[in-house]
Amino acid sequence: MQSVYIRAQIGEWLFTFFRAVVIVLSLLFVILPLIWLFINSIKIPLEWLSIPPVIVPSKITFENYVQLFADPNSDALLCLKNSVIITLAATALSVFIGSLAAYSLTHLKLPFKIVPFIAGMVLLLGFYPKITSVIPYFVVMKNLGLMDTQMAIIIAFVGLNLPTTVWLMITFYEELPKEIEQSAMLDGCGPWGRFYKIVLPLALPGMVVAAILSALLCWIEFMIASSLAIVNAKTLPIAVSAYLQDKGMHWGPMSALGTLTVVPVIIFCVFVQKYLVRGLTFGAIKE
Amino acid sequence: MATVRMVNLSKYFGKVGAVKGLNLVAEDKQFLTLLGPSGCGKSTTLNMIAGLELPTDGEIYLDDALINKMPPAYRNVAMVFQTYALYPHMNVWNNMAFALRIHKEPKEVIDRKVNGAATMLGIANLLDRRPRELSGGQRQRVALGRAIVRDPKVFLLDEPLSNLDAALRLQMRAELKLLFDRLQATVIYVTHDQAEAMTMSDKVAILKDGVLQQVGSPLEIYYRPVNRFVAGFVGSPKMNSVTCTLRAEGEAIFVRTADFELSLPEKTSASRLASQFGRELVLGIRPEDLHLDAIENASTIRGKAAVVEHLGSDTIILLDTGSQMLTLVAQGSATVRPGENLSVRVDKDRIYLFEEDSEKAVLTPELLSVWGGAA
């Protein structure tokens, strides 16, 4: 009996050890580039690309950060402002439009399977390679006279985010027991009242998840933003890329701005991860 | 309160008929139960009365108004769902007050009605709780309260007790009956539980595959089933069914099965069952009409006790008569051991005969008593 117990105990330990190794390895994959980014931002220029690589900087400097904000040629602040405004507006709009669209798609009864067709098309848009939409967006925005405006990027981002938002919200609405809405119907609620008073409060966790995913996508999107914004509407990822120049790579300021771009995301994720986990597994366990 | 009248009501989902040509009336202040197995169309019927489903054909009248296409909100009917369908994000008070607020009732009226219903249902101390903080029975009461405060013309209840545990179901069954007696309400109640239907209803309507089989008071249904399905569906344990033929010997008529033969009571004259001779029939005997106090004679059923289930108040015995099993219920705790040979008496005044092919009833206890009276 004793030996069985000891063997089981050793099994437990081995399992715990194995688990720890897997977790540490996956963490390294995720965190190492971020640490490298941060360390580079506080190194002196000589150590940026030295071989062998310098892991612990011989001298710590915050010059790159100071430069970002103090240098009159730096547009970091403008980009930060653009990024915040564009992310907030695009997220709010895509959650608003997406949740209404999804509600209609789950409730409309149209002939010839039109509803699944529309929903399928929306999903298809999500699989569309983004690069193929760059030129159409460029042409449309140019014709509308919206080039290099926040509005142009907001519209494009809403388009990008809608498939995810709509499908996420469709699954959320479908999880809601239909009797609850029927009950409200019998209680005298019209369609808007049912959506506003019953469905909306119950689907809020879903909307939070949609908002989080949408905000993350907007904050880091580069391809479309870079094609629509040249000077005035530049977002942070574009500013970061601007340090890759024909005159060379400005690793220090680039890393500093990169770090500043990533830090809000990390803080944001720490605060909202509870919703993310709950939202993505919503309905998996019946209450 | 009001009368609900369904005329030739049908509902098809594509080609599948859920309800077919239903003609049924729930009279004012009547407790009507729609009883049937799952998929028989009873919930669909209820949904059509509520307005949650549109009928494919036929009419529904609330009092004298045709309500086929009237939106649910205007019908003034209240529904209690099997899952209760309480609003999870509102507390009990708001759940109950919701409909009144939608209809912009004055605050004093809302307060009075909600508090009145809550007191009546014994949930006055739970008003500030959310549904998830309530037990099944309490949620059930809130769902009822939400219906009561609206003072509806008709209460529609869709299997409201099926999510409760057995003990609570019994308790709520009695409470519901008391409650609706007091409210003097028209109630249409859907269930697959024959015990609920028998104990609570003024009138039971039995459905099978979307077709109405029989309407009547619980005892009518029990003693005068129109067919084998109805006879088998009401009563617990289920009625025994044995294939048989009829045989006449002078004035007496005998029912012959593979394992035993029974003589029918004298009032069943051969002329009344003339058309049934030479046909395959099904003999129906309810488990409580088989008795262990047999005095050996030609009509005694002999068999071996295969399974003995002691319930305390009753004992259920499965009797192996050779080629089939009969269920019998003995009162009290019968001292029967599995494997024991038993002689069983049949209460001949209470046997049923059905046609084998059409399943139509040709003999029921009620018919027998009518024939007895006539003779």
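How many bridges join strand 1 of chain B to strand 4 of chain B, and in which direction do they run? Five bridges join strand 1 (residues 4-13) to strand 4 (residues 57-62) of chain B, and the two strands run antiparallel. Strands here are DSSP runs of E with at least two residues; helices are runs of H or I with at least four residues; both are numbered from the N terminus. Two strands pair if DSSP finds at least two bridges between them.

The model is predicted: local features need pLDDT of at least 70, side-chain atom pairs count only at pLDDT 80 or more, and totals for chains, interfaces and linings use all residues. Residues are numbered from 1 along each chain as its sequence is written, while chains are lettered from A and ligands numbered from 1 in the order in which they are written.

Met6(B) has Ile60(B) of strand 4 as its bridge partner. Strand 4 of chain B is also joined to strand 5 (residues 65-66) of chain B, by two bridges. This pair runs antiparallel. Tyr61(B) stands opposite Leu66(B) of strand 5. The hairpin of strands 4 and 5 of chain B has two residues between the strands. In this hairpin, Asp63(B) takes a positive phi near 55°.

Chain B also holds an open sheet of six strands. The strand order is 6-7-8-3-9-10, and the pairing is mixed. Strand 6 (77-80) and strand 10 (211-216) of chain B each have a single partner strand, so one side of each is left without a neighbour in the sheet. Neighbouring strands of this sheet are turned by 15° against each other on average, direction ignored. Strand 6 of chain B runs parallel to strand 7 (residues 154-158) of chain B, with four bridges between them. Val77(B) stands opposite Val154(B) of strand 7.

Helix packing was examined next. Two packed helices are described by the angle between their axes and the distance between the axes. Helix 3 (residues 107-121) and helix 4 (residues 136-148) of chain B pack at an angle of about 140°. Their axes are 9 Å apart. Axes are lines fitted to C-alpha atoms, for helices over the stretch in contact, and angles run from 0 to 180 degrees between N-to-C directions. The angle makes helix 3 of chain B oblique to helix 4 of chain B. Angles under 35 degrees count as roughly parallel, over 145 as roughly antiparallel, 65 to 115 as roughly perpendicular and the rest as oblique. Helix 3 of chain B contributes Ala117(B), Ala118(B) and Leu121(B) to the contact. Helix 4 of chain B contributes Arg141(B), Leu144(B), Gly145(B) and Ile148(B). Residues are in contact if their C-beta atoms, placed from the backbone, lie within 7 Å. By class, this helix contact has five nonpolar, one polar and one charged residues. Ala, Val, Leu, Ile, Met, Phe, Trp, Tyr, Cys and Pro count as nonpolar, Asp, Glu, Lys and Arg as charged, and the others, Gly among them, as polar.

Both chains are divided into domains, with bounds from an automatic or database domain assignment. Chain A has domain 1 (2-63) and domain 2 (65-280). Their centres, taken over C-alpha atoms, are separated by 32 Å. Each of these domains gives 10 residues to the contact. On the domain 1 side, helix 1 (residues 2-41) of chain A gives the most, with five residues. That side divides into seven nonpolar, two polar and one charged residues.

Chain B has domain 1 (4-232) and domain 2 (233-374). Their C-alpha centres lie 37 Å apart. In the contact, 16 residues of domain 1 of chain B meet 17 residues of domain 2 of chain B. Helix 8 of chain B gives the most to the domain 1 side, with five residues. By class, that side has 11 nonpolar, three polar and two charged residues.

Between the chains, the contact takes 15 residues from chain A and 18 residues from chain B. Helix 7 (178-186) and helix 8 (191-220) of chain A each supply at least two residues of the chain A side. The largest share, six residues, comes from helix 7 of chain A.

A cis peptide bond joins Ser236(B) and Pro237(B), with omega about -5°. Lys113(A) has a positive phi of about 55° although it is not a glycine.

Definitions and conventions: Contact = placed C-beta atoms within 7 Å.
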